[in-house]
Protein chains: 2
Amino acid sequence: MKYSFLLLFILLSSSIFSQTDEEVVKKIYAQSLTNGKSYDWLNHLSNQIGSRLSGSLGAEKAVVYTKDELDKLGLDKVWLQPVMVPRWIRGSKEFAFIETEPGKTTNVNICALGGSVSTPALGLKASVVEVKNFEELEKLGKENVEGKIVFYNRPMQADLIHTFEAYGGCVNQRYQGALEASKYGAIGVIVRSMNLRLDDLPHTGSMSYGDLPVEKRIPSAAISTNDAELLSAMLKLDNTTKLYFKQSCKQLKDVQSYNVIGEITGSEFPNEYMVVGGHLDSWDLGDGSHDDGAGVVQSMDVLRLLKESGIKPKRSIRVVLFMNEENGLRGGNKYAEISKQKGENHVFALESDSGGFTPRGFSFDCNDASFNQVLSWQPLFKPYLIHYFEKGHSGADVGPLKTESNVLAGLVPDSQRYFDHHHASNDTFDAINKRELELGAATMTSLVYLFDKYGINPISNPEKIKN
Amino acid sequence: MKYSFLLLFILLSSSIFSQTDEEVVKKIYAQSLTNGKSYDWLNHLSNQIGSRLSGSLGAEKAVVYTKDELDKLGLDKVWLQPVMVPRWIRGSKEFAFIETEPGKTTNVNICALGGSVSTPALGLKASVVEVKNFEELEKLGKENVEGKIVFYNRPMQADLIHTFEAYGGCVNQRYQGALEASKYGAIGVIVRSMNLRLDDLPHTGSMSYGDLPVEKRIPSAAISTNDAELLSAMLKLDNTTKLYFKQSCKQLKDVQSYNVIGEITGSEFPNEYMVVGGHLDSWDLGDGSHDDGAGVVQSMDVLRLLKESGIKPKRSIRVVLFMNEENGLRGGNKYAEISKQKGENHVFALESDSGGFTPRGFSFDCNDASFNQVLSWQPLFKPYLIHYFEKGHSGADVGPLKTESNVLAGLVPDSQRYFDHHHASNDTFDAINKRELELGAATMTSLVYLFDKYGINPISNPEKIKN
């Protein structure tokens with residue numbers, strides 16, 4: 001199977017791209033590395049605006065700023081697409097300590113999870129039961145959990161090379177931990193931060209109570225990995241150890257916000273749409289430089305780089321800066337809903353939402369014919385050290401655009417450092433390297449260029465192979 | 001040509017490695033990521049010892065520490081190999097300013113280049129001529145250069161993907177700049193730091209006066225990229241702008257130092273040697289975490305990981321921690337000299353001296369048969385995102401071991417951030433990511449395992465393909 005794949009690749013590779021393509025791709029990379037705008041834009045977004053949680057002032061400013069910047073690019077259209085978004089606020093800074101006996105306390109670093117309810121105004125103190133997963137929780141049962149704080153402490157698996165896989169293996173503790181614990185009468189939840197590194201920073205992220213009635217909802221917070229280790233060690237010494245925590249977050253009413261959209265209208269197939277995007281909102285602890293300021297500015301630069309490189313797309317290329325990926329996906333859903341209403345044919349959508357580190361390639365959600373088409377382009381990317389072309393997840397925001405025949409893709413940057421910063425207060429501009437960001441923008445632009453030039457599924461449309 | 005290569009690859013790939021190899025490689029990566037020692041060792045080397053310029057106390061401590069740590073690993077032999085090394089000291093911190101008119105000055109960040117002479121005790125002030133290369137200098141000639149400071153300001157080329165190539169395109173300014181400028185009567189040299197980023201840190205590095213008599217040697221310093229831009233802009237406004245600089249570095253007498261060597265003696269071919277190494281010395285501005293603390297601890301961990309993974313090498317595997325790569329290469333030359341004297345057959349040598357970032361692959365200095373052998377192993381490395389297997393430079397320290405039939409290799413990590421830190425005060429432990437370092441150690445160990453198991457040149461020794 002592997003060999004037949006390779007043979008197919010060899011057979012196709014001479015016909016699917018031309019020397020012109022090599023030159024265009026080279027020009028795109030050179031433009032991005034010598035004359036890119038992504039880093040300057042991100043500097044503004046991160047350092048002048050800062051965090052951009054849905055419904056916040058930062059999010060609103062980011063909408064205005066990015067629309068203004070897209071306006072300056074001389075695109076064919078730039079507009080705001082209204083979308084109602086949830087508004088959750090953290091309130092005053094959380095506080096927590098471990099208490100081994102009355103008055104003997106050790107402060108620990110926590111942060112409320114997005115969507116969580118507050119603790120009582122004076123905080124919450126209770127004994128702690130540590131579990132690694134929901135099965136352990138079930139085994140403990142109501143008699144061991146009721147009235148206690150459940151501490152989920154399953155670490156990310158260090159020997160997985162793809163750190164997103166390690167994240168996927170842990171994140172149910174954060175997302176459903178409170179819902180599960182509440183079934184057994186727990187009064188609060190503390191979750192080990194989704195971080196491969198041992199450090200002092202708590203990592204927030206979304207959680208859900210499902211259909212749980214409001215009065216049954218229990219507060220849920222993340223604890224730093226160092227403090228998770230500490231709490232676990234102290235519980236082993238003395239299982240009557242208590243934890244106190246206090247948080248004053250709340251869910252407010254939905255507010256009006258926007259997706260920001262810019263378009264270069266296609267010269268030959270204006271009704272075939274290709275989307276490139278990232279999400280404008282971020283969590284509130286850092287400035288969201290990696291998640292997902294990087295994806296926003298790279299996507300903006302894709303359209304600029306196409307123009308700067310003298311490429312006139314055949315298809316309509318849109319940059320979509322989605323609102324509310326982090327805690328609702330309202331922007332992604334709204335964009336797909338409106339597209340469907342208008343009968344727009346989205347043939348391709350690419351998201352950058354895995355950080356701004358050195359790009360390694362793409363992950364594709366598409367049929368075999370399109371995937372083979374992509375594989376035939378691999379040699380074009382080799383000089384830029386882009387080697388990862390695999391089937392897999394594309395991106396949360398573009399996901400709702402999925403059809404049987406279109407191509408969804410996600411940029412895959414190097415992920416080793418990503419979870420050091422993800423949803424934490426150190427997701428900041430200083431953790432961004434200019435060249436890495438620019439290489440990502442160029443890599444995205446090159447893929448957009450190729451799909452625009454050759455179209456989708458040339459293997460099922462053989463006449464397109466020939467050009 | 002490319003296709004026949006690929007076909008060869010397909011034909012070979014089923015016979016050159018086995019399922020066992022996949023399992024062993026998996027085990028090596030898991031060991032490194034869950035139970036690696038490289039990060040702890042580097043923490044000590046960087047934070048407890050610090051910079052390790054040849055002949056310094058730090059270098060001496062590093063010899064003692066790494067020998068002690070190798071002693072603990074239960075290798076078959078650990079020893080110190082004496083080597084005399086140059087000793088250059090920086091003296092008190094350098095000072096420099098731009099003067100547009102008497103009393104109107106702007107301080108700039110400089111550092112003496114390694115090997116440079118000092119300025120006069122009160123410093124040096126002169127007009128400045130800016131050039132981009134030696135051709136421009138030659139055109140200016142003695143009449144425009146005599147009595148002045150030559151300012152080399154050719155930046156690293158941003159659109160080169162391989163940053164080492166961009167470095168190679170600039171470094172003659174630093175290495176030979178003083179020698180060339182002195183031919184035209186210049187009295188000092190200022191070189192733009194070899195840094196792709198604009199920032200305030202000057203980057204040191206070696207320079208040479210060649211055969212220039214001592215009395216003709218002129219002081220040479222690096223200036224930060226931001227200050228290089230500033231100086232250039234001020235010279236454009238007013239070409240009578242002067243620069244003052246003061247440095248008190250000097251070259252002392254050679255001192256005794258050591259290469260640190262550990263060995264696992266081969267079970268079948270003890271007289272075939274395979275070396276893995278990095279260099280113990282560093283520049284003096286940071287703590288040398290990337291250059292080359294990373295390579296040192298990764299190389300040490302190769303031998304430990306082989307042992308931990310239950311691998312008993314057929315050939316003798318040596319870790320060699322070379323002294324004095326930065327300003328003399330005495331350690332690398334000494335090791336090769338002694339090996340030659342003893343008639344040791346070095347079939348393989350791998351150096352890690354390109355930083356501790358995410359490994360991408362290897363660069364090989366070897367014949368085609370060996371290179372094809374390596375290419376046949378590519379699929380084994382794919383799950384670990386190791387994709388770069390190209391012919392090219394191996395490493396400065398292992399270079400002198402080159403023969404017609406052996407294999408020299410260099411680990412190729414992601415290089416985008418490397419020159420942000422290279423030879424500067426921010427080459428420090430906080431710029432190291434634990435997982436990236438550990439992935440490098442595992443990647444090196446896997447290659448050593450494969451070459452040990454299959455030997456060198458199985459294509460010219462076909463009976464070895466079969467096992």
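Let me start in chain A, with helix α3 (residues 38–49) and helix α14 (residues 434–454), which pack at an angle of about 115° with their axes 9 Å apart. Keep in mind that this is a predicted model. On the α3(A) side the residues are A:Ser38, A:Tyr39 and A:Leu42, and they meet A:Lys434, A:Leu437 and A:Glu438 in α14(A). By class, that contact of α3(A) with α14(A) divides into three nonpolar residues, one polar and two charged.

Next, the sheet in chain A. What is the order of its eight strands? The order is β3-β2-β9-β5-β6-β7-β8-β4, in an open sheet with mixed pairing. At the edges stand β3 (104–108) and β4 (110–112) of chain A; each has a single partner strand, so one side of each is left without a neighbour in the sheet. On average, neighbouring strands are turned by 30° against each other, direction ignored.

For one pairing in detail, take β7 (residues 188–192) and β8 (residues 220–223) of chain A. These two strands run parallel and are joined by four bridges. Within this pairing, A:Ile190 stands opposite A:Ala221 in β8(A).

Now chain B. Here too there is an open sheet of eight strands, in the order β3-β2-β9-β5-β6-β7-β8-β4, and the pairing is mixed. Its edges are β3 (104–107) and β4 (110–112) of chain B, each with a single partner strand, so each has one side left without a neighbour in the sheet. From one strand to the next the twist averages 35°.

The pairing I picked in chain B is antiparallel: strand β2 (residues 95–101) with strand β9 (residues 242–246), over five bridges. There, B:Phe95 stands opposite B:Lys246 in β9(B). A helix also lies across part of chain B's strands: α5 (residues 134–145) lies across β5 (124–131) and β6 (149–152), running at about 140° to β5(B).

On to salt bridges. How many are there over all chains? The count comes to 48. One of them joins the side chains of A:Lys77 and A:Glu263, at 3.6 Å, N to O. A:Lys77 lies in β1 (residues 77–89) of chain A and A:Glu263 in β10 (residues 250–264) of chain A, so this pair ties together parts that are 186 residues apart in sequence.

Last, the interface. The contact takes 41 residues from chain A and 41 residues from chain B. The two chains bury about 3,300 Å² between them, with 57% of it on carbon and sulfur atoms. Across the interface there are four salt bridges. A:Glu436 and B:Arg417 meet through their side chains in a salt bridge, at 2.9 Å, N to O.

Which elements of chain B supply at least two residues each to the side that touches chain A? They are α1 (2–13), α2 (19–35), β14 (359–365), β15 (388–391) and α14 (434–454). The one that gives the most is α1(B), with seven residues. Taken by class, the residues on that side of chain B divide into 22 nonpolar, nine polar and 10 charged.

That is what I have; I will take questions now.

Definitions and conventions
Residues are numbered from 1 along each chain as its sequence is written. Chains are lettered from A and ligands numbered from 1 in the order in which they are written. This is a predicted model: local features need pLDDT of at least 70, side-chain atom pairs count only at pLDDT 80 or more; totals for chains, interfaces and linings use all residues. Side-chain values use heavy atoms; hydrogens and water are left out. Contact means heavy atoms within 4.5 Å. Buried area is the accessible area (1.4 Å probe) that two parts lose on being put together, summed over both. Ala, Val, Leu, Ile, Met, Phe, Trp, Tyr, Cys and Pro count as nonpolar, Asp, Glu, Lys and Arg as charged, and the others, Gly among them, as polar. Two strands pair if DSSP finds at least two bridges between them. Axes are lines fitted to C-alpha atoms, for helices over the stretch in contact, and angles run from 0 to 180 degrees between N-to-C directions.
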